[in-house]
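Biologist: I have a model open and would like to learn how to read its packing. Can we take the features one at a time?

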Amino acid sequence: MTATTERTGTAEWTGTLRTVAAVHAPDTEEAAPGLRWQLAEQLDQRLGDPNAAGPLSYARAASEDAAEEFPAEACELLGALGVHHYYIPAEYGGSLTGFPQLLEIVRTIARRDLTTAVGHGKTFLGAVCVWVAEDRAGAERLASLVRAGEPVSLGLTERTHGSDLMAGEVVAERTEGGYLITGEKWLINNATRGRLVCLLARTAAEGGPRGFSLLLVDKNELPEDSYRTLPKVHTLGIRGADISGIAFDRAPVGTCCLVGREGEGPEVVLKALQITRSLCTALSLGAADHGLRVAHRFAAERELYGRKLLELPAARRTLAETYADLLAMEALSTVAARSIHTLPDELSVTSAVAKYLVPTVVDDILNRLRGVLGARAILTDHYAHGRFQKLERDHRIVGIFDGNTMVNLYALTAQFRTLARYHPVHDREPDAVAATFSYARELPGLRPGQLSLLARRGSTVLGSLPTAAEVLGAQASRDPELGRAAALARTLATAADQLHTRMRAARPVPGGAPVESFDLARGYSMCFAAACCLGVWQHNRRLAREVRTAELWTSGLWLEAVLARLVDRLEQAVPGLTGPQPRPPAAYDAELESLYERLLGRLTAQYEAGELFSLLPGRIAEGPPC
């Protein structure tokens, strides 16, 4: 990026946003703050119609994937629009004032191409440790480089140690005035293309929690013979991404490269990963929207057995249920992003739930949509540029990086006793709870010093579930249309109580947690997601009546649908926990059929209007289908 772009990128983009909004927003609607995907909407318009030619078009993404080519022009376009300024907190001269902004931006890019989202967004992952360490001098130096468009990578993993960061063999040997780095980091995104590497290295021979430190390494300042980049690794998905590595041979760096204090590396990394895990969900939300849009289009066009596929009951039910799943994961993701600000001391729990559940559910969404598409789901051409098979391959990586599924489930099992002891949580400030769930509430600034490796007072989010269920029950007594949602909420609240009783009794075994504990962690995640959905419903339902998606909120339509899906998933994770259905099976099935038919109507309405599949309004650049 040129110096001119560095100076004008953000202002240029911000300046054109108002024009885009004025053209596309209805004259009669003025959504409450936060009750519209405004940033996402405006970025998507600036990126242009993805069905037309362009750097971030569907056709270009498919072509680059087939050639395993890095999406360089797409990343250049994002740089020209100033997207990278949102990777820098405002206090260091960037545009990031709230992490929901990043959720919007990354979701928008991922909806078009996950490879580009991963390749460009990696800079935030590489830089976040510096923001968390609160080393102002180092943060300001890094911010100036990121503003100039320099990519940053995060060097954690090694070829033989995977997620075991405490086994790392890259050594930073202390010398007068700095360190000499020796060793290899592997499977590092942007290791070759990135100028800067935030590196975790062993600074004490004995290792251990205080034996590793973070160093921000600028490859431009290293002697050429002191490092080499490793060959690109061929991957099943995100084929064009720069997944490679870097090896050091006594590479000299100064003490100014130290991030935080010596020996604090693991703690800073784990706290930073709480933030990135909470935001990885944006990749999944974009993928789910993309896949559902391709499947709906195909179902509306394809004739089978003398009827449109969209008219067949099995296809209709699949589309409606996967739409409900997406809405549930959106609510969870938004609460997680807001929690970074409002409940930072509980992020060890919130981030683990979000990073486990959202990619897992979206993998399931894509798997079910594959059945709607049939053969078109696996063809690399012949339908929609082969987008679905690329999308499905690309998304599989989301559940792996920043801590894989088992790592996140284990992080929950390690906190069972504390979570059970403090359930439900009642001692949090009401304003913090309201700001977590209410999209219209202003968020406090990021407080890295309040991030904690363990949630010492339990989970406020899940602790809100019993009260939220009671409140919904009281509302249902006045509005019978909320009755089924209230019954589902009571089922989930009762199941959460039983779940915490089992968690309290769980005991670790040699080598980790018993298998049963992982099932309980899965069940815990479903209850947590239900608490997010109920909280979002209660704190936004009145304002949401005034937006384009109001019909989703009417009579608790979306809430009932997502709670029904979460009850089903909870029963699969921990059989018997939800108890028998309150009504005869035939009556319950008929109610569900009617529910999902109404929900499918909202899905189709958003598709035909050229809107995001979302609880909130957000127009997409391709507009209504032709």
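**Reading the core, the cysteines and the rings**

Modeller: Start with Phe124. Apart from its neighbours within four places in sequence, Phe124 contacts Tyr87, Leu96, Phe99, Leu102, Trp131, Ile275, Thr276 and Leu279. Keep in mind that this is a predicted model.

Biologist: Which residues touch the most other members of the largest nonpolar core?

Modeller: The general idea comes first. Nonpolar side chains in soluble globular proteins tend to be buried together. Here the largest nonpolar core has 182 residues. Phe124, Trp131, Ile275, Tyr524 and Trp558 touch the most other members. Helix α19, residues 515-544, gives the most to this core, with 16 residues. There is also a second, separate core of 16 residues. Val170, Ile181, Ala201 and Leu222 are among them.

Biologist: Next, cysteines. How many disulfides does a search of the whole structure find?

Modeller: A disulfide is a covalent bond between the sulfur atoms of two cysteines. The search of the whole structure finds zero.

Biologist: How many aromatic pairs does the structure hold?

Modeller: Eight. A pair of aromatic rings is described by the distance of the centres and the angle of the planes. Take Tyr87 and Phe124: the centres are 6.5 Å apart and the planes are at 50°, so this pair is tilted. Tyr87 is in the loop between α4 (72-80) and α5 (99-112), while Phe124 is in helix α6 (residues 114-133), 37 residues apart. Both Tyr87 and Phe124 are buried.

Biologist: What about Phe298 and Tyr383?

Modeller: Their ring centres are 5.2 Å apart and the planes are at 80°, so the pair is edge-to-face. Phe298 lies in helix α9 (residues 281-301) and Tyr383 in the loop between α11 (347-373) and α12 (387-395), so the pair ties together parts 85 residues apart in sequence. Phe298 and Tyr383 are buried.

Biologist: Which residues do ring pairs link into a cluster?

Modeller: Tyr87, Phe99 and Phe124.

Biologist: Where does the charged end of Arg107 sit?

Modeller: Over the ring of Trp37, 4.9 Å from its centre. Arg193 lies over the face of Phe70, at 3.7 Å from the ring centre.

Conventions
Residues numbered from 1 in each chain as written. Predicted model: local features only at pLDDT ≥ 70, side-chain atom pairs only at ≥ 80, totals over all residues. Heavy atoms only, no water. Core = buried A, V, L, I, M, F, W, Y, C linked by side-chain atoms within 4.5 Å. Buried < 20%, exposed > 50% of the residue type's maximum accessible area, 1.4 Å probe, protein only. Helix = DSSP H or I, 4+ residues; strand = E, 2+ residues; numbered from the N terminus. Contact = heavy atoms within 4.5 Å. Disulfide = S-S within 2.5 Å. Phe/Tyr/Trp six-rings, centres within 6.5 Å; stacked < 30°, edge-to-face > 60°. Lys NZ or Arg CZ within 6 Å of the ring centre and 35° of its normal.
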